[in-house]
Amino acid sequence: MTTQELIAQIKKKKSFLCIGLDVDLNKIPSHLLKEEDPIFAFNKAIIDATHHLCVAYKPNTAFYEAYGIKGWKALEKTIQYLNTNHPEIYTIADAKRGDIGNTSTMYAKAFFEDLAFDSVTVAPYMGKDSIEPFLAFKNKHTIMLALTSNEGAFDFQTKEVNGRELYKEVLETSKGWKNAENLMYVVGATKAEYFKEIRKIVPNSFLLVPGVGAQGGNLQDVCKYGLSSTIGLLINSSRGIIYASNTENFAEIAAIKALELQDQMEEILAQ
């Protein structure tokens, strides 16, 4: 999917909501555990109930890898279901991969070619030759960690290097990599005060923003500083939507929670 196609979907749906599909068998409704594939059954129900309210889905691969081959098969069935039934929806493999040379190429092939995701998250610590193999894939996006919402983010990301915070150096440096136009960036919603500075460095890039909802991030604050001329935001909510209820009507409740966010986004876009 191209950036322009993503922007068109955002304008059409009046939404820049991304729903995280982080499936924990200890948290899903108990009646689904009787299904042959409870992970896929849960995802399918969530997708069927919310696809009209969001523009992206983001499975975190750890929640599938933890269940071995059955989990990976459920991930494969989920992405196939999305690509077949809702090809207009942007898909993100939240895998946080990153290694040098041929290894990164193989990671990229796994998510872009075999599973046919539109994008994958990567960690930048190993530098250019760990990221450029992902960027080489046409009409695919690489979403690089820039400033995360966890407590340990302050261990390195905001430390000063030559008088400048490290996350700013990472952003600035990445702009010079080959096919950098295919880059997006992860910026945590709980770091809303940083968005103004980030937009000075990457004014037009899309930012994937986790942390709204259960983690305490504020949508209005993020949009105040983070919206670009082409919207440029994908706001992710996972637990606040998919685990809003563990009753048999969990998908309907999830849709209500998604609609609450989508309504706020429509109001913001109308301003």
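Helices (H or I, at least four residues) and strands (E, at least two) are DSSP runs, numbered from the N terminus. The model is predicted: local features need pLDDT of at least 70, side-chain atom pairs count only at pLDDT 80 or more, and totals for chains, interfaces and linings use all residues. Residues are numbered from 1 along each chain as its sequence is written, and side-chain values use heavy atoms, with hydrogens and water left out.

**Exercise 1. Overall fold**

Task: Determine how many helices and strands the protein chain has, and compare its radius of gyration with that of a compact globule.

Solution.
1. The protein chain contains twelve helices and ten strands.
2. The radius of gyration is taken over C-alpha atoms, and the globule rule is 2.2 Å times the number of residues to the power 0.38.
3. For 271 residues the rule gives a value near 18 Å; the protein chain has 18 Å, which agrees.
4. Along the principal axes, the C-alpha atoms fill a box of roughly 55 × 45 × 35 Å.

**Exercise 2. Burial and contacts**

Task: State what percentage of the residues count as buried and what share of the contacts joins residues 24 or more positions apart.

Solution.
1. Buried means under 20% relative accessible area, exposed over 50%, and partly exposed in between (1.4 Å probe, protein chains only).
2. Of the 271 residues, 53% count as buried.
3. A contact requires heavy atoms within 4.5 Å.
4. Among contacts with a separation of 6 or more, 74% involve residues 24 or more positions apart.

**Exercise 3. Salt bridges within helices**

Task: Locate the salt bridges of Lys44 with Asp48 and of Glu197 with Lys200, and classify the exposure of Lys44, Asp48, Glu197 and Lys200.

Solution.
1. A salt bridge is a side-chain nitrogen of Lys or Arg within 4 Å of a carboxyl oxygen of Asp or Glu; by this rule the count comes to 14.
2. Lys44 and Asp48 are paired at 2.9 Å, N to O. Both lie in helix H2 (residues 38–50), four residues apart, about one turn of the helix.
3. Lys44 is partly exposed at 32%, and Asp48 is partly exposed at 33%.
4. Glu197 and Lys200 are paired at 3.0 Å, N to O. Both belong to helix H9 (residues 195–201), three residues apart, about one turn of the helix.
5. Glu197 is partly exposed at 28%, whereas Lys200 is exposed at 57%.

**Exercise 4. A linked network**

Task: Identify which residues are linked with Lys175 in a network of salt bridges.

Solution.
1. Lys175 meets Glu172 in a salt bridge of 3.3 Å, N to O.
2. Lys175 is partly exposed at 40%, and Glu172 is partly exposed at 33%.
3. The network links Arg164, Glu169, Glu172 and Lys175.
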